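Please look over the sequence and the structure shown below.

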Amino acid sequence: MLLPRSVSSERAPGVPEPEELWEAEMERLRGSGTPVRGLPYAMMDKRLIWQLREPAGVQTLRWQRWQRRRQTVERRLREAAQRLARGLGLWEGALYEIGGLFGTGIRSYFTFLRFLLLLNLLSLLLTASFVLLPLVWLRPPDPGPTLNLTLQCPGSRQSPPGVLRFHNQLWHVLTGRAFTNTYLFYGAYRVGPESSSVYSIRLAYLLSPLACLLLCFCGTLRRMVKGLPQKTLLGQGYQAPLSAKVFSSWDFCIRVQEAATIKKHEISNEFKVCARVELEEGRRFQLMQQQTRAQTACRLLSYLRVNVLNGLLVVGAISAIFWATKYSQDNKEESLFLLLQYLPPGVIALVNFLGPLLFTFLVQLENYPPNTEVNLTLIWCVVLKLASLGMFSVSLGQTILCIGRDKSSCESYGYNVCDYQCWENSVGEELYKLSIFNFLLTVAFAFLVTLPRRLLVDRFSGRFWAWLEREEFLVPKNVLDIVAGQTVTWMGLFYCPLLPLLNSVFLFLTFYIKKYTLLKNSRASSRPFRASSSTFFFQLVLLLGLLLAAVPLGYVVSSIHSSWDCGLFTNYSAPWQVVPELVALGLPPIGQRALHYLGSHAFSFPLLIMLSLVLTVCVSQTQANARAIHRLRKQLVWQVQEKWHLVEDLSRLLPEPGPSDSPGPKYPASQASRPQSFCPGCPCPGSPGHQAPRPGPSVVDAAGLRSPCPGQHGAPASARRFRFPSGAEL
């Protein structure tokens, strides 16, 4: 702020001259460790500062100049690579269009779909690099003839001779029978003994699914923490900075009308989301504050009643899935084989279609607020979706592996060897059919339901068609569908190693199908979603699906006997037994004892203590961060108040303009006529408003300006302005 000439000319004794201040500022810039590139000056001024930082009379060494040039070239190449990656990013243009027209909530669904595609491609790359390529390149020795097992299976079913004529090639592709002898399924991987091989294909095949799950867990957790809602960390009293959206949302580099239209829609959708979310949360908080104890008790009882009914529906649904899977496996050789193959996927799809409708009906009977209705329905839809896949796994385990079931054919071999010669292939085929059915259902629903509905609504007019209208694009429903497909893919990593390739193709096609459905056949949801909350919810459901897939896989790898006549682990009681064998063959006795100690119970106690210490440190750091955020918020308000007091002190020192001072318009001399806030309608955060001057001593600096806190001495504003060669001022 420039002071008037009358004030700036009166310099108190002891105030340094502008030249001295210039030299002091140059010394500060010379000794500062801030990179020249980060200083807010023109290029000419940055060259001057760079020359000042060079030692006087000393020539820069050649290797130092070369190192600087190398760093500059590396930085420019890195920036160019980042710009190229952003320009060549998958679906960037489509995501920008969707985000502008329908908001960031719907865009987050398509971004999540791209993230799942990336996870599948990374899993495929890992499997191909450590299993497929070594298997083809090394060409391990032939494992020899399979074991000739004499099976005594009383009442074993034989395939009727007329069944084969119903099986054409297309049906073999849909059921997976056409790829039984390919690397798509577990049974096609065969190698010799471990002692005769240089590279352990068995160990790579065993660790690849575990590494894929760990990689997906780390990526999902990182994305989940990155999308964590900031309001949870900042507290309930935090309000979204709507003023920043008002004044800084527009991109003034836009020159195309289409881009301007998309940007307008994007800004409008952001304001709708912020306004609706803030109003709903404020209304919910107000209702909770106004409720009495009796009303709170009634509300809790209604929640309990609705949740009990929804729980009973979930139990009935998963019971239907269990019996459908059991019936399909027990009667797979009957004449209705064509229909029974897809009976479990069909029942799962029917349950997941009717379940949300019944949940919504039961929740709406209680007259909950809209936000509560959506949240309750969404929670039970997640439970139903994951419980369906879990019960499908349990039913397969009971039928194929005789888990919790007494059967004579399971006593000697550990699985139902009479009906399933290679049980890993059978499980892989079931998961393959489930993945195929989910994608076919997506295609059929898009082109056989949504498209005809849009055509009929646009073609006819009337009260019924106005009520029917276009289908609403529900983000949670679509997210649960692709999460279920991804969970099936993770469940089949051991039995069907190339299932991520199949799921990648499905996700790629699903993106364009959903984009066409959204742009042409659907309407946006009436309830907008905030992108941060949506992303956090997506990753949380995905982590639950990952856990659902990891638990059965860990149990099978560590405890279930492998098939006797197919696959890599024919001579092992469990796939994990290959690890002790390789340790005994490749490690010295000291290494074997170390690994044995790491796997024993004696190591669990130090590990538990270490984890407790790490957890304590993390909790302490979280609490310290919360206290630091609270202090910073108070400091921000305090700094704003200090600036306001400085402005008031300066306004009192300024001479009131007389009639001869300026030929321009006259301003009122009273301080009460000056505005108390720069924000129209309400004071800025930390602004004093109509307050009396603060009591207490104040320090008077060299210019005669009072500072509200000690130590804030300074020269006059006119003396603190320094000019660079380019004309910039400090």
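## The model

This is a predicted model, in which local features need pLDDT of at least 70, side-chain atom pairs count only at pLDDT 80 or more, and totals for chains, interfaces and linings use all residues. Residues are numbered from 1 along each chain as its sequence is written, and side-chain values use heavy atoms, with hydrogens and water left out.

## Two packed helices

Helices are DSSP runs of H or I with at least four residues, numbered from the N terminus. The axes of helix H15 (residues 370–400) and H16 come within 11 Å and cross at roughly 155 degrees. Axes are lines fitted to C-alpha atoms, for helices over the stretch in contact, and angles run from 0 to 180 degrees between N-to-C directions. H15 and H16 are therefore roughly antiparallel, a term for angles over 145 degrees.

On the H15 side, the contact (heavy atoms within 4.5 Å) is made by Leu389, Phe392, Leu396 and Ile400. On the H16 side, the residues include Trp423, Glu430 and Leu434.

## Aromatic pairs

The whole structure holds 35 aromatic pairs. Rings of Phe, Tyr and Trp (its six-membered ring) pair if their centres lie within 6.5 Å; planes under 30 degrees apart count as stacked, over 60 as edge-to-face and the rest as tilted. Phe447 and Tyr516 are stacked, because their ring centres are 6.1 Å apart and their planes are at 20 degrees. Phe447 lies in helix H16 (residues 423–459) and Tyr516 in helix H19, so this pair ties together parts that are 69 residues apart in sequence. Phe447 has a relative accessible area of 35% and is partly exposed; Tyr516, at 31%, also counts as partly exposed. Buried means under 20% relative accessible area, exposed over 50%, and partly exposed in between (1.4 Å probe, protein chains only).

Phe494 and Tyr495 form an edge-to-face pair, with 5.6 Å between centres and 90 degrees between planes. Phe494 is buried at 1%, and Tyr495 is buried at 6%. Both belong to a cluster linked by ring pairs, with Tyr183 and Trp423 among the other members.

## Charges over rings

Arg223 lies over the face of Phe115, at 4.8 Å from the ring centre. The charged end of Arg459 sits over the ring of Phe460, 5.5 Å from its centre. The rule is that NZ of Lys or CZ of Arg is within 6 Å of the ring centre and within 35 degrees of the ring normal.

## A buried asparagine

Asn503 is in helix H19 (residues 499–521). Asn503 counts as buried, at 5% relative accessibility. Leaving out residues up to four places away in sequence, Asn503 touches Asn120, Gly485, Gln486 and Thr489.

Definitions and conventions. Parallel < 35°, antiparallel > 145°, perpendicular 65-115°, else oblique.
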